Every structure is written in structure tokens, then in C-alpha cells.
Amino acid sequence: MRHLEISDLITAVDLRDGSRLPVRRDEVVRQLRDGGDERAARIVAGLPTDRDGTLDPDAVDRLLISVHTELQRLSEELRIGNRLVHLLGPLFTAIRADGAHPGPYRLVDIGCGLGYLVRWLAATDALGPDVELIGVDLNAALVGEADRLARAEGLDCRFVHGNAFELPEAATVYVSTGVLHHFSAAALTGFFQAQAASPALAFCHFDIAATSLAPLGARVFHRARMRHPLGRHDGVVSAERAHDDATLLRTAAVPGLRALLYEPRGLSNPFCTTLRPILGVRPHLEAPLRQALGGRASRRLVGPEHLGEAARPGEEVAR
Ligand SMILES: C[S@@+](CC[C@H](N)C(=O)[O-])C[C@H]1O[C@@H](n2cnc3c(N)ncnc32)[C@H](O)[C@@H]1O
């Protein structure tokens with residue numbers, strides 16, 4: 001069975017200008033059936049269309065906002081903000097200590113959805129007042145809702161409609177949560193390369209840990225926490241298509257950045273490590289980052305050499 005997420009299929013964007021493209025329901029249903037996913041095909045077959053069979057864009061937006069609102073509850077429960085600050089706090093300490101990089105700094109969250117992480121960082125001021133906070137997403141409806149929530153909450157952050165592969169905002173540090181599995185391994189290399197080629201000093205991308213327990217854990221967790229069948233379906237597929245440690249370390253090993261994986265398999269408890277990040281840092285920042293992290297956390301941060309042959313750069317296979 002091919003692992004396709006419904007949310008990736010029911011919206012389409014013209015990547016040249018970001019405008020929305022019509023999506024035919026029967027085409028999405030066919031793709032899902034061809035992939036052997038009858039349950040997902042039935043979910044899409046129940047979505048409203050116009051007379052020509054084009055999915056109703058407003059209904060799709062409302063659905064995605066509602067599913068992402070449920071996703072936000074998962075982020076709260078998994079304490080994703082604290083997890084990020086556990087690593088980014090020491091990273092910004094290392095950056096500030098290095099005289100070559102005076103602030104202010106900018107954090108850009110790629111594929112921010114409703115902007116929970118950026119809004120949490122703005123509300124808690126966890127990274128300090130010298131870090132500007134921006135979220136970017138390909139989905140204009142999610143960006144609009146993220147912006148509305150930030151205004152309602154009186155938060156100092158902003159949201160921009162844009163593509164992860166042609167980033168509209170420069171950053172000191174790029175981050176993401178739950179986005180990497182949307183990209184093939186081949187695309188991941190380009191994603192990391194673009195950030196390495198920018199003036200950014202680091203990236204830190206959290207995604208589902210590809211453990212043997214992940215699909216079962218995702219099934220139980222999404223069943224308990226998400227109401228809409230689309231959210232339940234995509235949550236499980238996300239875990240099934242999560243990239244393994246070797247793929248993350250191999251694709252993130254791009255020129256100019258040192259790839260580091262936090263809590264790889266074997267150094268983490270699969271019952272506790274639900275999401276964990278792949279980092280890329282300018283090589284001169286690795287030692288101060290490790291120092292700021294402290295011995296215990298630093299030992300959980302490994303480079304491609306940790307996995308030997310398996311993490312060597314090589315031909316990536318498209319998904
Ligand atoms: C599973 S959601 C995660 C949202 C959010 N980061 C969170 O943790 O709640 C994946 C997000 O990535 C966005 N996305 C997918 N492909 C993208 C791309 N090429 N550029 C920017 N955003 C993208 C989707 O629109 C969606 O909001």
C-alpha cells in the first residue's frame with residue numbers, strides 16, 4: 001500500500017504564484033484506491049463538491065482548520081514547545097556566545113499549520129526578546145487562521161504564505177514540527193540544501209520517530225484525541241511514512257552544515273520518544289552547542305558516523 005495523506009491530496013497550489021488550484025474529487029478517490037486505501041477513498045468520496053465534481057474549497061478549508069485545531073491539542077499534550085526549547089535554548093546560547101553573530105535573530109517555522117509552536121514561543125517568550133518569530137505554510141487558509149489567532153491572543157509574531165522549497169523569509173534558525181514526512185527522501189535533500197545555502201546558522205526539524213511502535217502509538221493516540229476520520233487516518237499514515245534515522249542523517253548531511261540527530265533509535269525510549277529532531281548546525285557551533293546542552297543531552301545528539309554505512313550520502317529513492 002502506498003502511504004498517502006488525504007490532506008496532501010485535497011488541496012493543490014500553483015507553486016509559481018501560490019494560487020489555489022481546483023481539485024477533482026474523483027481524481028483523489030482514484031489515487032487513494034490505486035494505492036489500496038479504500039478507507040481513505042470513502043472519506044474523500046463524502047466531501048462536498050460543486051456540480052462539476054470539484055471539491056468545495058471553503059469546505060476543505062474548514063475541514064483542514066478543524067483537523068489542525070485537534071492537532072494543536074496533540075502538540076500541547078506532547079509538550080512540543082518545551083521539547084523544542086530544550087534544544088533551541090542551548091542553540092541560541094551558543095549563537096549569542098559566538099561574537100560573529102550579534103542579534104537580533106529570527107526563527108522561521110516551516111509548515112507551521114495553525115502556528116501553535118510560534119504562538120507558544122511568542123506567548124512564553126521562551127527564546128528571549130531578541131528572537132523574531134515567523135511561521136510559513138503552503139496552505140493560505142491555515143496561515144490566515146494562524147494570523148487571526150495570534151492577533152486575538154495579542155502575540156508578537158507573524159505568518160506568511162509560502163513554500164518550504166522556496167522560502168520567502170530568511171532565518172537564523174529554521175524549524176518545523178510534523179512536516180518532514182510529507183517530503184520524499186529525494187526532496188528532503190533539496191529542502192536541507194536550500195537552508196544550508198542560506199545565511200541561516202542552523203535548522204532543527206522535529207518529526208515522528210520511526211520506531212516499530214510509532215504506527216500503533218499513532219493509531220491509539222489519534223483515535224483517542226481526534227474526532228474527524230481524516231485526522232485519524234492521516235495521523236496513522238504520518239507515522240507509517242516517517243523517515244528512519246539513517247535517511248534523516250544521510251539527507252541532512254549537506255555541505256556547510258553538520259547533521260546531528262537527537263535521540264536516535266538505541267539511545268531513546270520508544271515509549272517516550274514520539275517526535276525528535278534532525279539538526280543541521282554550522283560546524284563551528286557544534287562544540288558550544290554541546291557545552292550549552294550539558295553532558296547527558298549532548299550524548300543523545302549523534303552525527304552520521306553513529307550509523308556508519310547506513311547514513312552515507314547516496315542515491316535517494318523517490319517516494
Ligand atoms: C502535519 S501538518 C503540521 C502542522 C504544524 N507544524 C503542526 O505541528 O501542527 C503539515 C503542514 O505542512 C504544510 N506543508 C506541506 N507541504 C509544504 C510546503 N511545501 N511548504 C510549506 N508548508 C507545507 C501543510 O500545509 C501543513 O500545514
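Leaving aside neighbours within four places in sequence, which residues is Leu88 in contact with? The legends below start from this point and describe a predicted model.

**View 1. Leu88 and the largest nonpolar core.** Leu88 is in contact with Leu107, Leu127, Val173, Val175 and Cys204, leaving aside its neighbours within four places in sequence. The largest nonpolar core holds 44 residues, and Leu88, Phe92, Leu107 and Leu121 touch the most other members. Helix α5, residues 80–97, supplies the largest share of this core, with nine residues. Another core lies apart from it and has 26 residues, including Val136, Val160, Leu180 and Ala200.

**View 2. Tyr105 in strand β1.** Tyr105 counts as buried because its relative accessibility is 6%, below the 20% limit for buried residues. Not counting residues up to four places away in sequence, Tyr105 touches Phe92, Ile95, Arg96, Asp130, Val131, Glu132 and Thr172. Phe92 is 13 residues from Tyr105 along the chain, and their C-alpha atoms are separated by 8.9 Å. The side chain of Tyr105 also reaches the backbone nitrogen of Gly103, at 3.3 Å.

**View 3. The loop between α5 and β1, with Asp98 and Pro104.** Most peptide bonds are trans. The bond from Gly103 to Pro104 is cis, with omega near 0°. Asp98 is found in this loop too. Not counting residues up to four places away in sequence, Asp98 touches His284 and Leu285. Asp98 and His284 are 186 residues apart in sequence, while their C-alpha atoms are 9.2 Å apart in space.

**View 4. Helix α6, residues 116–124.** Seven of the nine residues of α6 are buried, so the helix is largely enclosed by the rest of the structure. The buried residues are Tyr116, Leu117, Val118, Arg119, Trp120, Leu121 and Ala122. Leu121 is also among the residues that touch the most other members of the largest nonpolar core. After α6 comes Asp125, which has a positive phi, near 55°.

**View 5. Helix α11, residues 245–252.** Eight of the eight residues of α11 are buried, so this helix is largely enclosed by the rest of the structure. They are Asp245, Ala246, Thr247, Leu248, Leu249, Arg250, Thr251 and Ala252. What do the buried residues of α11 pack against? The elements are helix α8 (185–197) and the strands β5 (202–208), β6 (258–262), β7 (275–281) and β8 (301–302).

**View 6. Thr247 within helix α11.** Thr247 has a relative accessible area of 11% and is therefore buried. The side chain of Thr247 makes a polar contact with the side chain of Asp244, at 2.7 Å.

**View 7. The residues around the ligand.** Of the 18 residues around the ligand, Gly111, Asp137, Asn163, Ala164 and Thr177 come nearest. The shell divides into eight nonpolar residues, nine polar and one charged. Taken alone, the ligand exposes 600 Å², and the protein buries 85% of that.

**View 8. Positive phi values at Arg79 and Glu263.** Most residues other than glycine have a negative phi. Arg79 has a positive phi, near 50°, and is found in the loop between α4 (57–77) and α5. Glu263 is not a glycine either, and its phi is positive at about 55°. Where is Glu263 found? Glu263 is in the loop between β6 and β7. With a relative accessible area of 15%, Glu263 is buried, because buried means under 20%.

Conventions
Residues are numbered from 1 along each chain as its sequence is written. This is a predicted model: local features need pLDDT of at least 70, side-chain atom pairs count only at pLDDT 80 or more; totals for chains, interfaces and linings use all residues. Side-chain values use heavy atoms; hydrogens and water are left out. A nonpolar core is a set of buried Ala, Val, Leu, Ile, Met, Phe, Trp, Tyr and Cys residues joined through side-chain atoms within 4.5 Å. Buried means under 20% relative accessible area, exposed over 50%, partly exposed in between (1.4 Å probe, protein chains only). Helices (H or I, at least four residues) and strands (E, at least two) are DSSP runs, numbered from the N terminus. Contact means heavy atoms within 4.5 Å. A residue is near a molecule or strand if one of its heavy atoms lies within 4 Å of it. Accessible areas come from the Shrake-Rupley method with a 1.4 Å probe; for residues, only the protein chains shown count as cover. Ala, Val, Leu, Ile, Met, Phe, Trp, Tyr, Cys and Pro count as nonpolar, Asp, Glu, Lys and Arg as charged, and the others, Gly among them, as polar. A polar contact is a pair of N or O atoms within 3.5 Å; within protein, one must be able to donate a hydrogen and the other to accept it, and residues adjacent in sequence count only if both atoms are side-chain atoms.
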